Amino acid sequence: MNGYTVGEVAKLAHISVRTLHHYDELGLLTPAGRSPAGYRLYSTGDLRRLQQILFYRELEFSLEEIASMLADPDVDVDDHLRRQHRLVRERQARNAALLAAIEKEMEARSMGMALTPEEQFEIFGTDKIAEYQEEAKEKWGDTDAWRESQRRSARYTKEDWIEIKEQAGANIEGFLAAIRAGEPADGPVAMQLAEEHRQHLIRWFYDCGGDMHRGLGDLYISDPRYLAEYDKLAPGFSQYVRDAFHANADRL
C-alpha cells in the first residue's frame with residue numbers, strides 16, 4: 001500500500017521516530033500498513049489521529065487519557081476539535097490573566113513600588129502611586145537620579161516604605177512647627193529642616209546636590225498640584241519650603 005514512512009511522519013509532525021514507535025507500542029497510533037520490507041506505513045487517517053494526539057498532548061493530557069478519549073465511539077473528530085478549541089480558549093484566558101498579573105508586578109517593580117494597591121492605600125492613602133510615578137518618569141525618566149531611585153526603591157519592603165513615609169511626615173511637621181513659630185525660611189531652623197529633607201532623599205533615593213534640591217523646591221510653587229496640596233497644610237507652606245531649600249543650597 002502507499003503511505004507515509006515513519007521518518008516522513010516524524011518530519012511532518014516535528015516529533016521523533018522514537019515517539020512514533022512508542023505510540024505504536026502503546027496501541028495509541030498503530031500504522032495502517034507495512035511495506036513489503038516490513039516498515040511502518042501511515043495513512044492519511046493515521047495522520048489525522050496523530051494530530052488529535054498531539055493537540056491533546058499540547059493541552060497536557062497524559063497518553064492514557066488521550067487513548068481513552070480517542071477510543072470513545074460516541075466522539076468523532078469534530079467533537080474532539082470542538083473540545084480542544086474550548087480547552088485552548090480556556091487556557092488562553094488563564095494565560096492572559098497570568099500575563100497581566102506578571103506585567104503588573106513588573107511595572108510596579110520597574111517603578112520602584114513593589115506594593116499591592118491595598119498596601120499603597122494603607123501607607124500613602126492612595127492606590128495611584130503607579131500613576132504618579134508614570135508622570136514623574138515622563139519628566140525625569142532620562143536622568144541618572146531617576147534611574148538610581150528606581151534601582152534602589154525596587155527592593156524596598158512594605159516596612160521600608162512605612163519608615164520612609166514616617167520620616168517624610170516628620171519633616172513636614174517640622175516645617176509646620178517652624179512656620180507657626182515664626183522662624184524665617186532662611187534661618188537656621190528652616191535650613192536644617194531643608195537639609196534633613198535633602199539627606200532623606202540621599203539616604204533612600206538618589207544623590208541630591210544643592211542645585212537639584214533647589215530645583216525640587218521650585219516645583220513646590222510651579223506645579224499647581226504641589227502648591228494646592230501643601231498650602232492646605234498652612235498658608236504659604238509651599239513658598240516657605242521652597243525658600244528654605246534655596247537658602248540651604250546656597251550655604252552648601
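Residues are numbered from 1 along each chain as its sequence is written. In this predicted model, local features need pLDDT of at least 70 and side-chain atom pairs count only at pLDDT 80 or more, while totals for chains, interfaces and linings use all residues, and side-chain values use heavy atoms, with hydrogens and water left out.

Select residues 158–180 to begin: this is helix α9, with 23 residues (helices are DSSP runs of H or I of at least four residues, numbered from the N terminus). From first C-alpha to last, α9 reaches 33 Å, close to the 33 Å expected at 1.5 Å a residue (the expected span being 1.5 Å times one less than the number of residues). Just after α9, Gly182 takes a positive phi of about 80 degrees.

Next, select His200, found in helix α10 (residues 188–204). His200 counts as buried because its relative accessibility is 11% (buried means under 20% relative accessible area, with a 1.4 Å probe and protein chains only). Leaving aside neighbours within four places in sequence, His200 is in contact with Ile164, Gln167, Ala168 and Phe205 (contact means heavy atoms within 4.5 Å).

Finally, select residues 210–222 and 237–251, helices α11 and α13, which pack at an angle of about 165 degrees with their axes 8 Å apart (axes are lines fitted to C-alpha atoms over the stretch in contact, and angles run from 0 to 180 degrees between N-to-C directions). That angle makes α11 roughly antiparallel to α13 (over 145 degrees). Residues making the contact include His213 and Tyr220 of α11 and Phe245 and His246 of α13.

Note on methods: Helix = DSSP H or I, 4+ residues; strand = E, 2+ residues; numbered from the N terminus. Parallel < 35°, antiparallel > 145°, perpendicular 65-115°, else oblique. Buried < 20%, exposed > 50% of the residue type's maximum accessible area, 1.4 Å probe, protein only.
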